[in-house]
Amino acid sequence: MEWWLSIPKVELHAHLNGSIRNSTLLELARELGEKGTIVFSDFEHVIRKNDRTLCEVFKLFDLIHVVTTDHKTITRITKEVVEDFAAENVVYLELRTTPKRNDSIGMSKRSYMEAVVDGLRSVSSSNLDINFSCDDLEKFSKYQTKKKIIVRLLLSIDRRESTASAMETVNLALEMKDMGVVGIDLSGNPTVGEWETFFPALKFAKEQGLSVTLHCGEVPNSVEIQAMLDFLPGRIGHACCFQDEEWRKLKSYKIPVEICLTSNIRTETISSMDVHHFADLYKENHPIVLCTDDSGVFSTILSNEYALVSSAFGLGKMELFELARKGVDFIFAGNEVKMELMKVYESAARTLD
Ligand code: 5GP
């Protein structure tokens, strides 16, 4: 595993609440159990279960949200998630989260996101430097002594939301561009909601210069998959249940795919590694990037996803390094950030063994 840990990596598909440390989740649940808000043993049983279908995963998220959704906790988990990615040499992280409103605790979508940004602000420590705003990039690139991570944010629209609520999220993303927000994600239970509901907000996002990534083809739904591909998103996640016509479209449009191997296998959206579409897309030189999806929920780390590709598909170190480096081409941050990351990869290439 050490080699995978040591190479610089970009993570483009990580959900904040899916990437929480198990220890933090259990600690928070225990506290709520002591207050009588939840029954801790029930919660612990669900968290410790390893294999879950896609539907069970969404039930788990509802449970996680009960435990995590207050400002202080959102700030804490954001800090921890960034530190965990930095610890395994993720040099650029696009962290996505669904802004949540909870009137009973005075939480608006905006105050939720401000709590996330507070978490980013609290990351800098004696051995780690973070950059999450373009303004500070020049200063950030000067320091060479500490480990460094660049973080940008994507605001997720949950498929349970209405058009108005999706539009509110897009407007918030536009207001928060100077706080590191670079795009919009569409996620949530793929068996819920209609593409037409989200389309106006996603179209508006694109028109306003935000990048868009879509969870696409997690369940068979040809009409939706084709509409999503015709929308020409900046990237899509998963692409597990595609038919021939959809593969043809995806490849001709050259839309980059965020590949989440462990997640796909654990949720049984792909039956086994030997039939995973990674092999075909890699062979055809289609743009792909390895990602974790939910490192906490699926007990993985990004380095592990690279190790998996090596063992399942026989890629060597140089090929994997190249795969990691190419991820830079698909980030939603601008050219300044890309150039900064290119320097990181050039310097790492000189020390490759
Ligand atoms: P959050 O947005 O609360 O930070 O992260 C958890 C949320 O991300 C979930 O409630 C769900 O909406 C979304 N999510 C996490 N993993 C997946 C996945 O594998 N597929 C889809 N469609 N959505 C996911």
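## Helices α10 and α11

In this predicted model, α10 and α11 are roughly parallel to each other (a class for angles under 35 degrees), because helix α10 (residues 222–230) and helix α11 (residues 244–253) pack at an angle of about 10 degrees, with their axes 10 Å apart. Helices here are DSSP runs of H or I of at least four residues, numbered from the N terminus, and their axes are lines fitted to C-alpha atoms over the stretch in contact, with angles running from 0 to 180 degrees between N-to-C directions.

The contact is made by S222, I225, Q226 and L229 of α10 together with E246, K249, L250 and Y253 of α11, where two residues are in contact if their C-beta atoms, placed from the backbone, lie within 7 Å. These residues divide into four nonpolar, two polar and two charged; Ala, Val, Leu, Ile, Met, Phe, Trp, Tyr, Cys and Pro count as nonpolar, Asp, Glu, Lys and Arg as charged, and the others, Gly among them, as polar.

## Helices α2 and α4

The axes of helix α2 (residues 22–34) and helix α4 (residues 54–68) come within 9 Å and cross at roughly 70 degrees, and α2 and α4 are therefore roughly perpendicular to each other (65 to 115 degrees). Their crossing is left-handed, a term for a near helix turned anticlockwise from the far one by less than a right angle, with clockwise being right-handed.

L25, L28, A29 and L32 of α2 meet I64, V67 and T68 of α4 in this contact, which by class has six nonpolar residues, one polar and no charged ones.

## Helices α5 and α6

α5 passes α6 in a right-handed crossing.

From α5 the contact draws on H71, I74, T75, R76, T78, K79 and V82, and from α6 on S111, Y112, A115, V116, D118, G119 and L120. By class, this contact has six nonpolar, five polar and three charged residues.

## Ligand shell

Surrounding the ligand are 17 residues, of which L16, N17, F61, T97 and T98 are the closest, a residue being near if its C-beta atom, placed from the backbone, lies within 6 Å. The shell has three nonpolar, 10 polar and four charged residues.

## Confidence and conventions

The mean pLDDT (the predictor's confidence in each residue, from 0 to 100) of the protein is 94, and 98% of its residues reach 70 or more. The model scores ipTM 0.99 and pTM 0.97.

Residues are numbered from 1 along each chain as its sequence is written. In this predicted model, local features need pLDDT of at least 70 and side-chain atom pairs count only at pLDDT 80 or more, whereas totals for chains, interfaces and linings use all residues.

Note on methods: Helix = DSSP H or I, 4+ residues; strand = E, 2+ residues; numbered from the N terminus. Parallel < 35°, antiparallel > 145°, perpendicular 65-115°, else oblique.
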